[in-house]
Amino acid sequence: MTTQRRWWKTALGVLFTVVMLFPVYWMINVSLTETRNLRADPPHWYPRDLTLDGYTAALSQQLPALATSLVIGLGCVVLTVLIAAPAGYSIALLNLRGRRSLNFLLLVAQMIPAVVMAMGFYAVYVRLGLLNTVGGLIVANSTIAVPFGVLLYTAFMSGLPREILQAARVDGASAWRSFISVVLPMSRNSTLTVALFAFLWAWSDFIFASTLNRNGNFIPITLGIYNYIGNNTTQWNAIMATAAIASVPAAVLLVMAQRYVAAGVTAGAVKD
Amino acid sequence: MTSTPIALGQRGESGRAAGAGSPVPAAPPRRRARRRTMSASQWTALGFAAPLLVYLVLFYAYPLWRNIDLSVHDYTIRAFVQGDPEFVGIQNYVELFTSSTFGTALANTLFFVFVSIIFQFSLGLALAVFFRANFPLSNLLRALFLVPWLLPLIVSASTWSWMLNSDHGIVNSVLQSFGIGQINWLTSPDTSLLAVTIANIWLGIPFNLVILYSGLQNIPGEVYEAASLDGAGPWRQFWSITFPLLKPVSAITLLLGLIYTLKVVDVIWVMTTGGPGTSSTTLAVWSYREAFGTGQPSFSLAAAVGNVLIVIALVFGFLHLRLQRGQENS
């Protein structure tokens, strides 16, 4: 293939990417636009009289919500890894009896719509007094990541060379010791993938937040944005600034862990 | 559709986990011998799985059971707090199926799901084929395509709301320059469903691209070299090689898309709250609205709608497991 033809493909690729990312650009554009220019007709294609008012408003009002989302996201990561890693080890390497039925259950668990889980959780939480608590939201959010985490760990750990485990056993290591000193360190990439997805799902959750925590003192950022839209339909620059800030974790994680993202989706969705 | 990629890819025997046809796979004979006693190693295995088992009972089984319980009682807010709802059997389900919303919600769900999937898939596939070619910056550009999929859905949904705004939206502004008059995307019953579907298609493209691209990577390059030696052009290569060899991955992508799209609430809720009227209400949105979207929650009806949704998702889920099993046997 000639160089010329390859650059032609690059140009086309750039064009596709620009079209695809246009809404993201538009979000940033609106977030930097002055309030009086928001209703300009036709809309400005780039922010004239660039302003950071939207960001100032967003940060002064939504900082607690961002912190809450961070706590929920990290809590969800910890809970998911604590439950999924040992379970994956058990299914993949300790030949847990009934592991096929368990795998089947985990697949089914992932098909249950979140709105249905939200209602069940609501009914349970209303009695336990867990509505409007951050802890309750961490648990509810983890139901999305836990089955995925177990299946991902299982898939990865089944591929670990059994000789290493046998060698550890010969050296007198218990199952727990092998798990901590051999299996977990070798599964680092799986842990990163599971943690990445658990965090992103928890961070972007809206359904659980809007059903289980709608009157809480500490609301996550997604609910913050939603309430913003309802209360404040004039200040779209502040809404879009909040949205842009809420997208930062996704952007950072994408840059840092791009190969885990792709690996996670494909490991999760395609045979080997 | 940013939801969970359903992990199908367990290697080896665990991948055959209970197919649709026979929920209880026959145990291999050699294992039956030691079925009766629990060996020490089995206790260890159980110990490591215990947190998961407890978790599944507490946070899946129990809420789901409560949900079924909701659907066969008449729960009002008062009954919720006092815990004395009246048992009504299948009355909520009767109400659901005879409701005038049911037909609309079902039709909207079908439109939303199938139109979304057709476009997500074909655009995802076209892009995967495009990015398969090795050209400068292709990896970077492909990575950028993931951005929409990683953004919180509420962010994307509010951005689309603003873009589709009747008076100041960029979409109408561009259309006007082509001489097309103002379209009330989100506020007209004729276009609201289309508007949320367009946003959802955009959201689903990255996921389809990633899976299909990885499927393409598994097709050996020699097949293409041989084909081009035989004089097959790109179009012919696509239909004679790519498409047939990608069939298993395509089938899985389509089914996953289907299961996720069925569940979508947040995109639609943020953009239109299912309205105007019920013009963009899907089954999932209907369930959400009955329980949480109005001042007067009707939990029992919402739970019944939710359970119908579970049944639909499971039907496709079993289809998906069947397909996966068929693939492993072949």
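This is a predicted model: local features need pLDDT of at least 70, side-chain atom pairs count only at pLDDT 80 or more; totals for chains, interfaces and linings use all residues.
Visitor: Is B:Ser214 called buried or exposed, and why?

Guide: Buried, because its relative accessible area is 16%, and buried means under 20%, exposed over 50%, partly exposed in between (1.4 Å probe, protein chains only). As for where it sits, B:Ser214 lies in helix 10 of chain B; helices (H or I, at least four residues) and strands (E, at least two) are DSSP runs, numbered from the N terminus.

Visitor: Which polar atom lies by the backbone oxygen of B:Asn184, and at what distance?

Guide: One from the side chain of B:Thr191, 3.1 Å away. B:Thr191 itself is in the loop between helix 9 (170-177) and helix 10 (192-217) of chain B. At 14% relative accessibility it falls in the buried class. Leaving out residues up to four places away in sequence, B:Thr191 touches B:Ile183, B:Asn184 and B:Trp185, where contact means heavy atoms within 4.5 Å.

Visitor: How do you know that B:Arg66 and B:Asp69 form a salt bridge?

Guide: Their closest N and O atoms are 2.8 Å apart. B:Arg66 counts as buried because its relative accessible area is 8%, and B:Asp69 counts as buried at 13%.

Visitor: How many salt bridges turn up over all chains?

Guide: The whole-structure search finds 2. One of the pairs is A:Arg36 with A:Glu34, at 3.5 Å, N to O. A:Arg36 is exposed because its relative accessibility is 59%, whereas A:Glu34, at 21%, is partly exposed.

Visitor: Where is B:Leu146, and what does it touch?

Guide: B:Leu146 is in the loop between helix 6 (138-144) and helix 7 (147-150) of chain B. Not counting residues up to four places away in sequence, it touches A:Leu254, A:Val261, B:Pro206 and B:Val210. B:Leu146 and B:Pro206 are 60 residues apart in sequence, yet 5.2 Å apart in space, C-alpha to C-alpha. With 4% relative accessible area, B:Leu146 is buried.

Visitor: What area is buried between chain B and chain A?

Guide: About 10200 Å², with carbon and sulfur atoms giving 75%. Which residues of chain B lose the most area to chain A? B:Phe48, B:Trp162 and B:Phe292, together 8% of what that side buries. Buried area is the accessible area (1.4 Å probe) that two parts lose on being put together, summed over both. The contact takes 113 residues from chain B and 104 residues from chain A.

Visitor: How many salt bridges and polar contacts cross that interface?

Guide: The rule finds 0 salt bridges there, and 12 residue pairs in polar contact, both at pLDDT 80 or more. Helix 2 (residues 40-71) of chain B gives the most to the side of chain B that touches chain A, with 19 residues. That side divides into 76 nonpolar, 27 polar and 10 charged residues; Ala, Val, Leu, Ile, Met, Phe, Trp, Tyr, Cys and Pro count as nonpolar, Asp, Glu, Lys and Arg as charged, and the others, Gly among them, as polar.

Visitor: What is chain B made of overall?

Guide: It has 16 helices and 2 strands, and buried residues make up 55% of its 330 residues.

Terms used
Residues are numbered from 1 along each chain as its sequence is written. Chains are lettered from A and ligands numbered from 1 in the order in which they are written. Side-chain values use heavy atoms; hydrogens and water are left out. A salt bridge is a side-chain nitrogen of Lys or Arg within 4 Å of a carboxyl oxygen of Asp or Glu. A polar contact is a pair of N or O atoms within 3.5 Å; within protein, one must be able to donate a hydrogen and the other to accept it, and residues adjacent in sequence count only if both atoms are side-chain atoms.
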